[in-house]
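The following exercises concern the interface between two chains.

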Protein chains: 4
Amino acid sequence: MSNQQIILKLSCHDQIGVVAKVSNHFAEQQFNIIESSQFEDPDTSLFFMRTVLENAGDEVSMDDIREQFTPVADTLGMRWQIHDRQAKPKVLIAVSNWGHCLNAMLNAWRNQSLPVDVVGVVSNHRIMESMTDWYGLPFHYLPVESGHKGDQEARLLQVYRDADADLLVLARYMQILSPALCDTLAGRIINIHHSFLPGFVGARPYHQAYHRGVKQIGATAHYVTADLDQGPIIEQAVERVSHANSPQELTDIGRDIEAMVLNRAVKWHAEHRVLINGVRTVVFNR
Amino acid sequence: MSNQQIILKLSCHDQIGVVAKVSNHFAEQQFNIIESSQFEDPDTSLFFMRTVLENAGDEVSMDDIREQFTPVADTLGMRWQIHDRQAKPKVLIAVSNWGHCLNAMLNAWRNQSLPVDVVGVVSNHRIMESMTDWYGLPFHYLPVESGHKGDQEARLLQVYRDADADLLVLARYMQILSPALCDTLAGRIINIHHSFLPGFVGARPYHQAYHRGVKQIGATAHYVTADLDQGPIIEQAVERVSHANSPQELTDIGRDIEAMVLNRAVKWHAEHRVLINGVRTVVFNR
Amino acid sequence: MSNQQIILKLSCHDQIGVVAKVSNHFAEQQFNIIESSQFEDPDTSLFFMRTVLENAGDEVSMDDIREQFTPVADTLGMRWQIHDRQAKPKVLIAVSNWGHCLNAMLNAWRNQSLPVDVVGVVSNHRIMESMTDWYGLPFHYLPVESGHKGDQEARLLQVYRDADADLLVLARYMQILSPALCDTLAGRIINIHHSFLPGFVGARPYHQAYHRGVKQIGATAHYVTADLDQGPIIEQAVERVSHANSPQELTDIGRDIEAMVLNRAVKWHAEHRVLINGVRTVVFNR
Amino acid sequence: MSNQQIILKLSCHDQIGVVAKVSNHFAEQQFNIIESSQFEDPDTSLFFMRTVLENAGDEVSMDDIREQFTPVADTLGMRWQIHDRQAKPKVLIAVSNWGHCLNAMLNAWRNQSLPVDVVGVVSNHRIMESMTDWYGLPFHYLPVESGHKGDQEARLLQVYRDADADLLVLARYMQILSPALCDTLAGRIINIHHSFLPGFVGARPYHQAYHRGVKQIGATAHYVTADLDQGPIIEQAVERVSHANSPQELTDIGRDIEAMVLNRAVKWHAEHRVLINGVRTVVFNR
């Protein structure tokens with residue numbers, strides 16, 4: 001037995017026999033389902049599926065697996081991906097002055113509790129260079145100069161491409177990306193917003209939360225789209241606060257929540273558990 | 001020893017010696033502090049205090065206690081209240097078609113886990129009449145007729161006054177109160193909103209939440225002001241949901257949260273733990 | 001199209017082609033998968049599956065559906081059930097003196113947020129008779145007399161059978177069931193324990209929690225087995241408490257958690273989302 | 001005005017006039033109360049108080065403040081401490097092989113969201129030496145040799161004393177301290193246990209949790225006493241898990257909770273919010 005495991009992720013229009021055709025195909029190839037989830041959106045009749053399969057026969061190349069599956073997928077009109085379960089997505093992290101999310105990601109990566117390959121850190125400030133160095137990662141200093149934001153973004157995209165990255169994580173990167181970049185990397189940029197969206201969009205959400213007098217603060221990880229803070233939500237969490245907490249204390253309390261929510265979202269993305277469904281997500285996280 | 005306990009609740013401008021003067025006064029009267037909290041808002045320099053005192057001497061009438069405290073309070077320019085800890089506030093509950101919050105309140109009241117005296121239920125529908133009857137409470141059917149909303153509201157206020165009520169709880173009462181009524185009963189109306197404010201103000205918040213694709217839904221209990229869903233927040237909670245939950249399921253899941261949040265807010269109000277601080281609240285709930 | 005929906009729930013030993021054979025079978029019968037989850041326990045190599053299917057053809061009787069599936073199931077050595085999604089399990093509720101869980105269940109049932117048919121209430125006390133009456137349900141008063149506990153339990157089982165019940169819910173029923181009854185109704189009794197198991201088994205868990213000084217209290221819904229408080233856990237939740245909360249306040253705070261946790265567990269059981277896996281459960285609740 | 005702020009923390013037997021005498025004393029010294037909490041344990045009649053005071057006059061030395069308060073404290077038979085609010089407790093951190101709690105503490109310390117002075121790290125392994133170096137802190141390698149555990153502990157205590165430390169934090173330090181050391185540093189050692197106590201004491205709690213099939217896992221920060229995992233609890237939190245999570249995944253999920261709970265407990269201890277009350281704590285954290 002090969003111990004080879006693969007993850008299939010797909011969506012297609014609702015039709016009879018999707019699961020049958022897919023599972024027949026893999027049973028014939030001697031693949032065994034060890035975890036699987038399916039969901040049909042009743043509003044759109046779109047069908048979503050994620051399956052983890054184990055090869056009970058001899059190891060097969062990923063290219064062959066994909067080639068053999070293509071006719072099945074074509075018949076059913078699918079959008080699909082097949083991944084080697086051992087392969088980790090390559091992640092580029094963008095950060096500005098606040099390093100708590102970066103720190104939590106890098107530590108989890110080092111502990112092997114975050115199944116990604118971090119390929120580098122980009123920043124418009126130098127403050128996180130030393131931490132990045134300690135983790136043995138390349139640090140790309142890309143300052144934003146007035147009137148040359150487009151150039152900076154072009155360099156960021158070049159770094160992403162040079163590193164052959166699969167995902168860009170905005171770990172408190174305090175720059176708004178252009179609609180063009182959001183389009184180019186659609187579904188491949190995850191941002192952490194430091195509020196429980198849709199509450200407190202935009203700047204200084206902890207100060208907004210303080211002035212509104214909310215009793216819990218939160219954080220939201222979402223895919224980035226051209227609409228600020230409006231992209232499909234992957235994960236959210238909250239924590240209790242009180243009247244006695246200053247905006248600075250809300251900021252401190254919130255840091256832990258931000259880091260935890262962002263790490264979960266990146267983990268689920270890396271495990272191919274997240275499928276985009278218009279402005280929403282399907283997250284097969286159990 | 002009398003076992004008499006009282007609750008003092010006050011706010012005043014920041015000045016040296018507030019606690020000393022208040023605690024001296026009560027120590028001289030043989031009252032012992034058994035629980036107390038103080039907080040100063042650094043933005044406004046307003047000072048807030050709640051103290052539970054036990055009388056170690058002979059029982060004294062509440063009128064005498066208040067009269068004796070008045071000079072102290074006047075010297076310090078306080079807004080203050082002193083309550084008999086055994087006295088329960090009289091609560092009038094307003095409801096429309098959805099009875100889950102009403103049911104939870106009445107059951108908690110009957111179990112003596114909600115320290116209030118429910119004095120009646122008002123509704124613009126008859127659907128909750130039978131449950132109200134079962135609890136042995138008067139039910140006031142106040143239908144809203146087109147063009148006569150003002151009359152209906154006047155009758156509601158009359159019911160409140162006739163019952164000598166201290167608090168009006170909107171337990172999923174689907175009518176917007178007039179600014180005049182909000183003013184008349186300022187600080188004495190608590191509403192439950194079925195979202196985690198400030199997200200999803202207004203109508204059908206669970207449908208809004210579904211369409212936005214949030215990963216947690218919530219509920220918010222707040223004092224009612226003339227600004228819809230903008231009053232000072234007393235309590236909030238959330239519960240995890242997923243892509244697989246329909247708007248109806250969000251509604252079902254949310255019911256438990258609404259009922260729990262509303263009961264907590266009413267309990268804390270009834271225990272004189274909540275002090276209004278502009279558009280926010282101070283909640284001494286520990 | 002018939003709008004007929006069915007739920008298939010199965011477990012079997014790990015083998016290639018389970019999902020393929022099951023989904024082929026139903027695709028051939030013109031059934032469409034609208035929600036499905038599969039999980040293989042790596043410790044035991046047991047495979048678990050729950051699928052919701054929609055009939056795209058003419059309505060078929062449940063007996064025929066089951067008969068047609070039997071050969072497939074036999075081939076694969078399955079334990080399986082097929083349910084009409086519209087059919088609600090019949091539930092008998094047992095309660096003693098504390099009615100908060102009963103109240104929450106009955107209210108949710110009446111609101112149609114709990115997909116069960118409540119067929120009656122049994123109790124060793126009369127205190128919940130009036131509430132049961134109000135809901136239009138039969139109340140069976142089964143007092144426990146010293147030395148005749150076996151008789152009382154036999155009558156309880158008779159009530160269960162006469163009502164053709166599918167599930168017995170112990171909604172704060174303060175009697176320990178005999179091992180024989182636990183066996184007879186294995187997998188068909190759900191209990192709510194008022195602690196976060198495995199902490200605080202046995203009597204007076206809130207007092208135990210108070211004396212240990214925990215900072216959160218909880219509740220646990222589990223299937224009942226002959227080992228007290230050791231049965232497979234279905235759901236748990238907690239709520240924050242503080243040093244200032246007396247045992248009575250813990251009890252009050254805990255009531256909401258108990259009722260919520262029990263309702264969730266019963267709902268998931270009724271939707272055939274819970275599969276027993278030895279001393280644990282598989283809960284397909286997303 | 002001096003901007004000088006102090007924190008008074010005290011406990012004494014219940015008696016009339018404690019708050020009056022304390023607040024009189026400080027009002028006479030021109031100190032203004034900006035935050036205060038009091039609580040009386042009804043079981044023991046012990047009274048607990050924490051007050052933050054601001055000096056409205058000229059700055060006074062901490063020695064003078066303490067000396068002036070001593071007669072008041074003596075009259076009332078208090079255990080008490082007065083701290084400069086700006087002074088940060090000196091913390092020595094002990095760690096073994098798992099660095100996630102250490103990492104979170106050091107990052108929070110560096111971000112100034114943890115109000116302590118970390119004075120060094122001790123470990124029975126070298127694995128965390130490099131991270132400690134990066135933070136510019138002394139690393140004390142204290143291996144445990146068979147039969148010489150007492151010597152190692154003596155060296156640990158020497159490091160603590162040489163560093164003039166106020167608190168020892170066991171941030172996943174996998175050694176059991178001797179009763180003698182627990183006594184010597186009573187109330188000055190905080191441990192993080194990776195379960196929701198009292199569930200799963202002792203070794204490998206995530207594996208225990210997996211085998212019991214719990215639906216939430218947790219972490220507990222507590223003061224260390226000679227009774228393993230039985231010391232007074234400061235803080236606890238939980239996170240939802242499912243049947244699909246392996247012991248390794250529970251471990252990964254639990255790491256975030258452990259780090260968050262430990263940081264909160266250390267923060268509250270450092271802000272003098274935690275008072276030990278026998279086997280429990282009073283935590284004035286709002």
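**Exercise 1.** Determine how many salt bridges the rule finds across the interface of chain D and chain A.

*Solution.* The criterion comes first: a salt bridge is a side-chain nitrogen of Lys or Arg within 4 Å of a carboxyl oxygen of Asp or Glu. Applied across the interface of chain D and chain A, the rule finds two salt bridges. In a salt bridge between A:Arg264 and D:Glu239, the side chains meet at 3.1 Å, N to O.

This is a predicted model, in which local features need pLDDT of at least 70 and side-chain atom pairs count only at pLDDT 80 or more, while totals for chains, interfaces and linings use all residues. Residues are numbered from 1 along each chain as its sequence is written, chains are lettered from A in the order in which they are written, and side-chain values use heavy atoms, without hydrogens and water.

**Exercise 2.** State how many residues of chain D are in contact with chain A, and what area the two chains bury.

*Solution.* With contact taken as heavy atoms within 4.5 Å, 23 residues of chain D touch 23 residues of chain A. Buried area is the accessible area (1.4 Å probe) that two parts lose on being put together, summed over both. For chain D and chain A this is about 2200 Å², 48% of it on carbon and sulfur atoms. D:Trp134, D:Met260 and D:Arg286 supply 25% of the area that chain D buries against chain A, more than any other three residues.
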